[in-house]
Amino acid sequence: MGKCQISNNIRKFRFNSEEMTQQQLAEKVGVTRQTIAAIEKGKYSPTLELAFRIAIIFNSSIEEIFAFEGEES
Amino acid sequence: MTYQEKRTVVSIISTVAVFTAYCLYIVQKYQNGGLNPAEDIRFWGITILIFIPIQIVANIIITIVFTIIHAIVTREEDDPGFTDERDKIISLKANQISYVIVGIGFLLSMIPLVMGMAPFVMINIVYLSFNVADITGNVIQLVFYQRGV
């Protein structure tokens with residue numbers, strides 16, 4: 001538990017995709033709307049599979065949507 | 001508060017309600033003099049065997065009633081109808097903590113036996129630990145849903 005170390009631009013990508021709603025995105029990637037909301041708020045780090053699914057929906061790469069903000073070793 | 005958080009709160013209320021009913025039943029039985037707790041092991045076995053299915057059925061009924069009322073009050077289908085990866089991770093983490101509490105409860109229940117106390121104390125500690133584990137697991141789920149996982 002704690003602050004999620006992965007930031008994302010999902011909200012921006014949704015806006016640029018004809019203002020896609022959280023519910024619409026959730027249905028496309030097979031999760032609940034609450035999970036999309038939690039990801040956008042930084043309360044949940046999605047699995048790699050879900051990150052790929054989201055990236056595919058927006059025709060982008062994972063790096064364009066998600067960024068790791070943790071400490072570098 | 002999301003649908004999952006509300007459902008978790010309802011589950012906590014359900015568990016507390018049934019456990020309270022159990023406690024009231026035992027106290028009433030004791031006050032009526034119909035209970036010899038030090039000797040009647042059979043009574044405790046029957047009581048717990050009755051209350052466990054009651055707890056399961058009560059939980060199912062209360063959850064169904066909650067879903068119906070929630071749908072009527074909010075006038076929207078907030079119930080996703082399935083559990084996704086986040087729900088599963090939260091559930092797994094909460095279950096891990098619940099198992100630890102049940103384990104601790106079982107170990108603690110051995111103490112009355114070692115001290116030569118009546119077996120009903122051990123039985124009730126085990127039953128209490130199941131309920132505490134259930135409630136704690138739900139509280140942990142609530143915390144994970146609100147703070148993130």
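Let's start with helix α4(B), which contributes nine residues to the lining of the largest pocket, the most of any element. Please keep in mind that this is a predicted model.

**The largest pocket**
- The space inside the largest pocket comes to about 640 Å³.
- Chain B elements that supply two or more residues to this lining are α1 (3-31), α2 (41-74), α3 (85-114) and α4 (119-147).
- Its lining has 26 residues, and those nearest the centre are Ser11(B), Asn59(B), Asn95(B), Asp134(B) and Asn138(B).

- Five charged, three nonpolar and two polar residues make up the lining of the second largest pocket.

**Positive phi in chain A**
- Most residues other than glycine have a negative phi.
- Glu18(A), however, has a positive phi near 55°, and sits in the loop between α1 (10-16) and α2 (22-29) of chain A.
- Glu18(A) counts as exposed because its relative accessibility is 79%, over the 50% cut-off.
- Asn59(A) also has a positive phi, of about 50°, without being a glycine; its place is the loop between α4 (48-57) and α5 (62-65) of chain A.
- With 74% relative accessibility, Asn59(A) is exposed too.

Definitions and conventions. Residues are numbered from 1 along each chain as its sequence is written. Chains are lettered from A and ligands numbered from 1 in the order in which they are written. This is a predicted model: local features need pLDDT of at least 70, side-chain atom pairs count only at pLDDT 80 or more; totals for chains, interfaces and linings use all residues. Side-chain values use heavy atoms; hydrogens and water are left out. On a 1 Å grid over the protein atoms alone, a cavity is a set of points where a 1.4 Å probe fits but cannot get out, and a pocket is an open set with protein on both sides within 12 Å along at least five of seven lines; lining residues have an atom within 4 Å of a point. Grid points are joined across faces, edges and corners, and a volume is the space filled by probe spheres set on the points. Helices (H or I, at least four residues) and strands (E, at least two) are DSSP runs, numbered from the N terminus. Ala, Val, Leu, Ile, Met, Phe, Trp, Tyr, Cys and Pro count as nonpolar, Asp, Glu, Lys and Arg as charged, and the others, Gly among them, as polar. Buried means under 20% relative accessible area, exposed over 50%, partly exposed in between (1.4 Å probe, protein chains only).
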